Amino acid sequence: MSAIFHMITGAPDPVAPFSHAVECDGWLFVTGQMPFVNTSLDAPYPEGIEAQTRQVLKNLQTVLEGCGLGLEHVVSVRVYLTHFEADYEAMNAVYARHFESGRYPARTCIGVTGLAKGARIEIDLVARRSGTPFKADFPT
């Protein structure tokens with residue numbers, strides 16, 4: 001089992017020591033993205049949870065596309081919100097429009113006390129390359 005560590009041109013610069021995504025046996029683990037516009041970590045975030053959610057999903061798509069995948073390959077998502085009660089419904093409305101109805105990834109949404117650089121939302125995900133056979137390494 002070997003891993004590929006992806007750094008994607010055009011995706012936001014990392015705020016810490018991490019790869020944009022790590023790929024192993026057809027599985028792609030995408031680091032949480034925040035609402036950075038372009039690659040700059042110093043530009044202000046878009047105003048409001050709707051705009052921040054759209055930007056985070058755009059950043060995730062940039063990473064996925066850099067790895068030759070799209071949102072249709074996503075199997076699991078984790079959403080982190082700093083204003084859970086206030087932002088949950090509006091975030092869901094934006095989020096739902098990015099996936100085919102009836103084919104939503106498994107998802108967990110977590111209220112947190114803070115995110116890097118003061119973001120209101122961060123989303124990470126797991127995707128799978130189509131046609132990649134799964135080989136379990138369990139002892140028999």
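A disulfide is a pair of cysteine sulfur atoms within 2.5 Å. I started my notebook with that rule and got 0 disulfides.

Some housekeeping before I go on. This is a predicted model, where local features need pLDDT of at least 70 and side-chain atom pairs count only at pLDDT 80 or more, while totals for chains, interfaces and linings use all residues. Residues are numbered from 1 along each chain as its sequence is written, and side-chain values use heavy atoms, leaving out hydrogens and water.

**Salt bridges**

How many salt bridges does the structure hold? I found 5, where the rule is a side-chain nitrogen of Lys or Arg within 4 Å of a carboxyl oxygen of Asp or Glu.

I looked up Lys117 and Asp42, whose closest N and O atoms are 3.8 Å apart. This pair links distant parts of the chain, 75 residues apart: Lys117 is in the loop between strands S5 (106-111) and S6 (121-128), and Asp42 is in the loop between strand S3 (27-33) and helix H1 (48-66). Helices (H or I, at least four residues) and strands (E, at least two) are DSSP runs, numbered from the N terminus. Lys117 is partly exposed at 47%, whereas Asp42 is exposed at 68%.

Next I checked Asp124 and Arg78, another salt bridge, with 3.0 Å between the closest N and O atoms. Asp124 sits in S6 and Arg78 in strand S4 (74-81), so the pair ties together parts 46 residues apart in sequence. Is Asp124 buried or exposed? Asp124 counts as buried, at 11%, while Arg78 is partly exposed at 41%.

Arg103 and Glu100 also form a salt bridge, at 4.0 Å from N to O. Both of these residues are exposed.

**The core**

In soluble globular proteins, nonpolar side chains tend to be buried together. A nonpolar core here is a set of buried Ala, Val, Leu, Ile, Met, Phe, Trp, Tyr and Cys residues joined through side-chain atoms within 4.5 Å. The largest one has 26 residues, and Leu28 is among those that touch the most other members. I see that H1 gives the largest share of this core, 6 residues.

I then listed what Leu28 touches (contact means heavy atoms within 4.5 Å), skipping residues up to four places away in sequence: the list includes His6, Leu64, Cys67 and Leu125. Apart from this core lies another, of 7 residues, with Phe36 and Leu115 among them.

**Helix H1**

H1 has 19 residues and spans 27 Å from first to last C-alpha, close to the expected 27 Å (1.5 Å times one less than its number of residues). Its buried residues pack against strand S2 (21-24), S3, S4, H2 and S6. After H1 comes Gly68, with a positive phi near 80 degrees.

**Glu23**

My last stop was Glu23, in strand S2. Glu23 is buried, at 8%. The side chain of Glu23 makes a polar contact with the side chain of Arg129, at 2.5 Å. For that term I wrote down a pair of N or O atoms within 3.5 Å; within protein, one must be able to donate a hydrogen and the other to accept it, and residues adjacent in sequence count only if both atoms are side-chain atoms.

Conventions:
Buried < 20%, exposed > 50% of the residue type's maximum accessible area, 1.4 Å probe, protein only.
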